[in-house]
Amino acid sequence: MDRAWAETSDAACRALDVDPAAGLTDEEVRARRARYGPNALRATKPLGALEILLNQVKSLIVLLLTGAAVLSFAFGEWVEGLAILSVLVVNTVLGFVSELRAVRSMEALRKLGRQTTRVLREGLVREVPADELVPGDIVLIEAGDVVTADLRLIDAAQIEADESTLTGESVPVGKQEAPVDADAAIHERVDMLFKGSAVTRGAATGVVVGTGMQTELGRIAKLVEEAHEEVTPLEKRLDALGRRLVYLTLCVAVFTIGLGLLSGESTWMMVKLGIALAVAAIPEGLPVVATMALARGMWRMARRNVLINRLSAVEVLGATTVIMTDKTGTLTENRLSLERIQLESGVLDLRERTAEQRAADAELVDALGLGVLCNNASLGDAAQDVAATGDPLEVALLEAAAGAGIDVEALRAAAPRVAEEAFDPVKRMMATAHERDGGIRVAAKGAAEALLATCTHVIGEDGPEPLGDAARATWLRRNADMARSGLRVLGLAHKRAAHADDLYAGLTFIGLLGLLDPPRSDVKDALSQCRTAGVRVVMVTGDQAATAAQIAGTVGLTEESDPNVLEGRAVEEVAPADRDSLRDVSVFARVSPEQKLDLVALHQQAGEVVAMTGDGVNDAPALKKADIGVAMGRRGTQVAREASDMVLKDDAFASIVAAVREGRVIFDNIRKFVFYLLSCNVSEVIIVSGAMLVQAPMPLLPLQILFLNLVTDVFPALALAFGKGDPRAMHRPPRATNESILPRAHWQAILGYGLLMAVCVLGAQQVAARRLGLSGDALVTVSFLVLALAQLWHVFNVRTHRTNVLKNEVTRNPWVWGAIVLCLGLLLVVLLVPGFAALLSLTFPSGDAWVVILLASLIPLVVGQVLRSTRSGGTA
């Protein structure tokens with residue numbers, strides 16, 4: 001709809017043929033979707049298969065193999081040239097398939113995090129995918145929502161929106177319903193909410209006037225098309241490691257060629273050998289395997305209800321040292337139910353009352369009615385399979401009212417809302433005004449202490465009476481008693497007035513609502529895992545101190561049954577010299593968003609890696625500040641989800657712990673892969689260089705090295721990247737964020753294992769030559785098989801330090817066993833199929849030769865297992 005901002009909201013609804021009180025019908029939605037298409041911007045074209053294939057042929061290893069093939073053809077070695085081209089094709093196909101699967105996995109994961117929007121359709125409030133909005137839809141918006149289409153406001157309650165994505169102006173813009181001039185600039189259209197903007201305050205209802213590319217966001221030329229694939233710091237480090245190794249191995253290859261020429265070897269043989277060595281020693285697959293490991297880990301997290309927004313979060317997760325978590329819905333079930341009401345007449349335990357008894361209590365019904373009016377949730381309609389929507393606390397109030405015989409929709413229709421003071425996290429309360437009995441009735445609810453500070457009267461035995469200090473203290477004591485029993489407490493107030501202005505002035509306090517939110521059953525175990533893993537957990541909640549302490553003690557957050565709790569205002573009073581003491585506090589209550597931000601910064605300044613949970617629009621700064629921002633998928637606002645690094649679909653604390661473990665496993669797997677790969681590559685370089693130095697017969701031929709590179713550098717290494725990890729991953733402290741992939745001890749172990757395998761190969765060659773009298777192809781076959789099998793058995797040497805020899809993360813990895821079986825099968829093929837055997841200059845060994853081969857190949861495995869059982873000589 002053009003220039004909707006210049007029309008009244010009624011005129012806009014008429015133009016779009018929609019009744020704002022009922023919304024569109026399902027049939028109208030289908031027709032408009034067919035006409036206007038999905039509510040989506042033109043997304044960046046996914047990385048195509050051809051582009052992925054071209055990425056494979058751009059690599060240095062392909063250049064080297066191509067050069068080797070060209071040289072082979074130039075020297076008339078047609079069979080060898082074709083063989084090298086075959087290796088080139090296989091290597092390219094493997095890289096292509098691996099990267100294609102990884103890229104498609106990432107794309108599929110992103111589709112799991114679709115935005116949703118609350119709409120009014122056929123008179124019912126529904127939550128629908130944002131891309132299904134159509135012009136004419138009636139949308140309900142509140143603080144924390146990201147606007148998913150251009151809306152013309154129908155009514156608004158103190159609503160403000162951050163439109164920096166459109167205007168560059170970071171200060172939120174106040175909105176209202178009155179139309180503006182037709183030629184108003186975008187920042188002057190205060191009766192509009194635009195796609196991509198974030199609602200920072202208030203609530204509103206609007207009609208969709210533009211979707212997809214027909215929104216203001218869609219018309220902006222500089223529109224960001226979520227363009228470049230994210231490259232994590234881990235992948236950058238792997239890529240840098242690969243580049244350094246390229247230069248190193250090229251130097252080794254040149255040195256080997258020169259040494260061979262000085263020893264009298266043929267020029268062609270040395271050139272081929274130098275190229276083969278360079279190809280074998282370059283771990284070209286490092287970035288691809290890292291991406292695959294990240295993608296597989298992200299899928300495992302997704303199965304645990306964790307969606308990753310940023311790949312870099314996966315790497316940081318394993319280094320997390322502090323988790324700052326909310327209470328509601330994270331440590332508790334977020335399955336609220338109204339259990340107790342404290343009125344002037346006494347305490348009413350709803351669990352002990354039947355529905356008939358509740359309905360007969362006029363005082364109770366009136367209090368529950370206020371909870372219905374001061375409420376933005378909807379019960380839905382079970383008959384039409386429409387679920388309840390809105391804040392779980394407000395849904396619980398509606399359910400309690402319905403349980404007392406109150407017809408929620410009838411009451412709202414009888415007392416239409418005319419004004420609203422939307423919930424303010426600073427004031428910690430909200431109020432609504434309604435036409436009732438010829439006047440205005442205001443309903444208010446919020447934190448008891450905040451509401452009591454605002455109220456001027458309280459309900460007494462004979463009606464409203466002034467709220468003095470003594471009465472206020474009495475109600476605060478009652479509030480504390482309810483909180484100490486683990487209830488989430490709300491205050492309730494009302495007033496009657498002639499006009500709907502200054503809603504908080506002159507309120508009369510009615511009573512307290514106590515809602516039960518039971519602790520999650522899996523929290524105790526998750527907290528225990530954190531302590532074992534060296535991860536400290538801090539509760540940071542907006543709830544009151546007594547409730548926070550009771551929940552913390554119940555779930556075992558601290559070893560104290562009644563932990564010390566520090567309230568937000570006390571945080572601000574701590575002297576700068578004593579602020580480090582705040583890091584020893586495990587429970588913070590009544591914390592504002594600004595105080596959350598300060599607490600995150602305090603821990604980070606002390607060198608901690610902080611994961612922070614949040615759900616509201618005001619949590620976004622702290623989520624961005626934290627090393628890992630964790631948003632709630634069920635109750636979190638869209639603003640919080642977009643500011644976060646990961647989203648919990650189930651809001652459960654145990655899911656955070658599972659994600660931390662997965663982050664550790666992914667890093668460990670990549671470390672194992674790199675360690676294994678480099679050990680094998682170093683052994684090949686030492687073998688060829690060693691043979692040259694002692695002027696021994698050439699133990700390996702160029703094509704054999706290429707074959708081993710294809711077999712041992714691909715399948716077992718990939719299998720390690722797919723492992724489920726060490727079960728004891730959460731039994732050690734977090735690693736430092738700046739810890740390198742391979743510390744000094746690992747480099748020493750790589751050199752040691754490479755040297756050990758080389759000695760075994762060269763030793764077996766000498767035994768076969770001198771004791772068995774082998775020479776020519778038969779002698780080279782012994783060297784080839786000793787190295788091939790030693791490298792295969794070496795995969796078991798990358799198990800975690802001091803794990804069980806037979807039961808560890810490597811032996812439990814089915815991919816490893818599959819890789820070994822496949823590689824053994826390929827070795828048998830090249831030995832038994834005459835064409836392959838001739839191409840690789842291999843013969844089938846005799847029985848005595850097999851004994852030498854097996855014994856020599858097992859020596860690195862035995863030595864490695866002894867080292868792994870006694871001291872750290874490997875990967876973790």
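Which residues gather in a patch of negative charge on the surface? The legends below start there, and every view comes from a predicted model.

**View 1. A patch of negative charge sits on the surface.** Its residues are Glu572, Glu573, Glu594 and Asp598. Helices α20 (568-573) and α21 (593-605) each supply at least two residues of this patch. Look for glutamate 573 in helix α20; with a relative accessible area of 65%, glutamate 573 is exposed.

**View 2. Strands β1 and β2 form a hairpin.** Residues 116-121 (β1) and 124-129 (β2) pair in the antiparallel sense over six bridges. Across the pair, arginine 118 stands opposite glutamate 127 of β2. Two residues lie between the strands, and in the turn glutamate 122 has a positive phi of about 55 degrees. Glu122 is also linked with Asp26 and Arg126 in a network of salt bridges.

**View 3. Glutamate 449 forms a salt bridge with arginine 590.** Their closest N and O atoms are 2.6 Å apart. Glutamate 449 belongs to helix α16 (residues 448-454) and arginine 590 to the loop between β21 (587-589) and α21, so the pair ties together parts that are 141 residues apart in sequence. Glutamate 449 is partly exposed at 24% relative accessibility, while arginine 590, at 14%, counts as buried.

**View 4. Lysine 672 forms a salt bridge with glutamate 809.** Here the closest N and O atoms are 3.2 Å apart. Lysine 672 lies in helix α24 (residues 653-693) and glutamate 809 in the loop between α28 (776-793) and α29 (814-832), so this contact ties together parts that are 137 residues apart in sequence. Lysine 672 is buried at 3% relative accessibility, and glutamate 809 is buried at 7%.

Definitions and conventions: Residues numbered from 1 in each chain as written. Predicted model: local features only at pLDDT ≥ 70, side-chain atom pairs only at ≥ 80, totals over all residues. Heavy atoms only, no water. Patch = residues over 30% accessible without salt bridge, like charges linked within 9 Å, V, L, I, M, F, W, Y side chains within 5 Å. Areas by Shrake-Rupley, 256 points an atom, 1.4 Å probe, with all protein chains shown as cover. Salt bridge = Lys/Arg side-chain N within 4 Å of Asp/Glu carboxyl O. Lys, Arg positive; Asp, Glu negative; His and termini not counted. Charge placed at Lys NZ, Arg CZ, Asp CG, Glu CD. Helix = DSSP H or I, 4+ residues; strand = E, 2+ residues; numbered from the N terminus. Buried < 20%, exposed > 50% of the residue type's maximum accessible area, 1.4 Å probe, protein only. Pairing = 2+ DSSP bridges.
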